[in-house]
Amino acid sequence: MKESTDAGSIAWSPTERPDWVARVNQEGRYLDLDSVAPLDENSLLAAARARTGLSDFGDSDNWRESFQVFIKSLREEAQLNLIGRLMTRSDLINMLAARLEIEETYRLYPEIHEQQIVRPVMIVGQARTGTSLLLNVLSQDPGNGSLKHWECIYPCPPPERASYSADPRIARADHLVRQWNRVNPELVSCHEFNARVPTEASHAMTLNFSGAPFLALLGQTPSHNAFLQQQGVAPGLYYLKKVLRLLQWKNPRKHWILKAPDAILYMPALLEVFPDMRFVWTHRDPLKASDSVVNMYCNCMWVRSDNPFIGGVLEQMINPEFAGQLLNQPIQWMESGVIPAGRVCNILFLELEGNALGEVRRLYAELDMDLSSRALAAMQQYMRDNPRGARPPANYTSIQAGARLAQRQQVAHYQEYFNVQSEC
């Protein structure tokens, strides 16, 4: 039977779960989940050590406290069901094992520290504004490097150029990534989940138990979110740089093209870690994007929990004051010179959706990057193989009409500044 749920001004109804998922979770209600799928520190660390035969997790990145707060929050706040608990335990062990292997690889090959990350590009913007479309198109350029799901799950041994596209880890990771779709088929209409597609920069940051957007996929953890806000983003960004150096060591990339929608909150911090970074900011009607955020977030939470509205996390995402601050702060940074002139290239979602390759050509010109005929042909082929609208339409309603006016007023300055058209 279809369940429904709502919170405040948010209205969202999940689709019915596949029968096998519903049955497994029903049985899980009678089990001691702490024993069946433990999420305590000793158990998780021991499992990662046993898998890898390694023991040094590294202490230079201040990761341990964040890890401890995160798993405590998972146990006490996330309300994971049986499948969610099993998936999250598996993800945590994968992260810890990857961390052990990264530390060992750097110990054996300290020259990796000398790798230079040159003029990386970070795609930023409110979630659901075309950041994935843009990243997927740009990643078709052989000179551009993008973080793939499989590389973040299994980064070691460092991928090599000769075997990169046929690495056996891809198939193994693909089964894990597509598991999301098998547990909640509605996700197919929201986002493309497979091991070969690019993922967010926060995925690599999870190996340091930073990267709040991707960690949120493992379960709703308000206490850990608060901890990360106090800690700041710097530890996660330095670990991201560590991962990028490792991944390009035997598979060189001319430019890294990364994506972190939430990075509009910490663009100056990125420039501290990556001084020559450039930004591409995608712009869309913030209210239309919020509708899509609600649908995407709730469907992701529905994979692992029967309650997608824990701790007010979603309410904060669509809070009009927060949306206004989120979108107006970078404007102040740009106007004051905190973000140097010429570092931000702006792209309107409607223009990207209507003429992606035209926008890419303009983007390359603004970023002073060479667009080769080979790269352009690969992008054209990608667009033919992945036409807009090919995925099933999303089925959702989210923000109730009464909340619209307040939100529109809060984002009016942003829309006027960038000439962003209203869509709803």
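Biologist: Which residues do ring pairs link into a cluster?

Modeller: This is a predicted model. A search of the whole structure finds eleven aromatic pairs. Ring pairs link four residues into a cluster: F57, W63, F67 and F209.

Biologist: Is the pair of F67 and F209 stacked, edge-to-face or tilted?

Modeller: Planes under 30 degrees apart count as stacked and those over 60 as edge-to-face, with the rest as tilted. The ring centres of F67 and F209 are 4.9 Å apart, and their planes stand at 55°, so the pair is tilted.

Biologist: How many residues apart in sequence are the parts that F67 and F209 tie together?

Modeller: F67 belongs to helix α4 (residues 64-77), whereas F209 lies in the loop between α9 (201-205) and α10 (212-215). Both F67 and F209 are buried. The pair therefore ties together parts whose separation in sequence, in residues, is 142.

Biologist: Over the ring of which residue does the charged end of K242 sit?

Modeller: A charge sits over a ring if, among other conditions, NZ of Lys is within 6 Å of the ring centre. K241 lies over the face of F274, at 5.4 Å from the ring centre. For K242, the distance from the charged end to the ring centre is 5.2 Å, and the ring is that of Y106.

Biologist: How many charged residues does the lining of the largest cavity have?

Modeller: The largest cavity has a volume of about 30 Å³. Its lining is formed by A78, L80, L217, L218, G219, Q220, C300, M301, R304 and S305. Arg counts as charged, and Gly is among the residues that count as polar. By class, the lining has six nonpolar residues and three polar ones, and the number of charged residues is one.

Biologist: Which residue is joined to P157 by a cis peptide bond?

Modeller: Most peptide bonds are trans. P157 is placed in the loop between α7 (149-153) and α8 (169-183). With omega at about 0°, the bond is cis, and the residue joined to P157 is C156.

Biologist: Is R119 buried, partly exposed or exposed?

Modeller: R119 is in the loop between α5 (82-108) and β3 (121-124), and has a positive phi of about 45° although it is not a glycine. Buried means under 20% relative accessible area and exposed over 50%. At 29% relative accessibility, R119 therefore counts as partly exposed.

Biologist: What is the relative accessible area of F209?

Modeller: Most residues other than glycine have a negative phi. Phi of F209 is positive, near 55°. F209 is buried, and its relative accessible area is 0%.

How values were computed
Residues numbered from 1 in each chain as written. Predicted model: local features only at pLDDT ≥ 70, side-chain atom pairs only at ≥ 80, totals over all residues. Heavy atoms only, no water. Phe/Tyr/Trp six-rings, centres within 6.5 Å; stacked < 30°, edge-to-face > 60°. Helix = DSSP H or I, 4+ residues; strand = E, 2+ residues; numbered from the N terminus. Buried < 20%, exposed > 50% of the residue type's maximum accessible area, 1.4 Å probe, protein only. Lys NZ or Arg CZ within 6 Å of the ring centre and 35° of its normal. 1 Å grid on protein atoms, 1.4 Å probe; cavity = no way out; pocket = protein on both sides within 12 Å on 5 of 7 lines; lining within 4 Å. Points joined across faces, edges and corners; volume = space filled by probe spheres on them.
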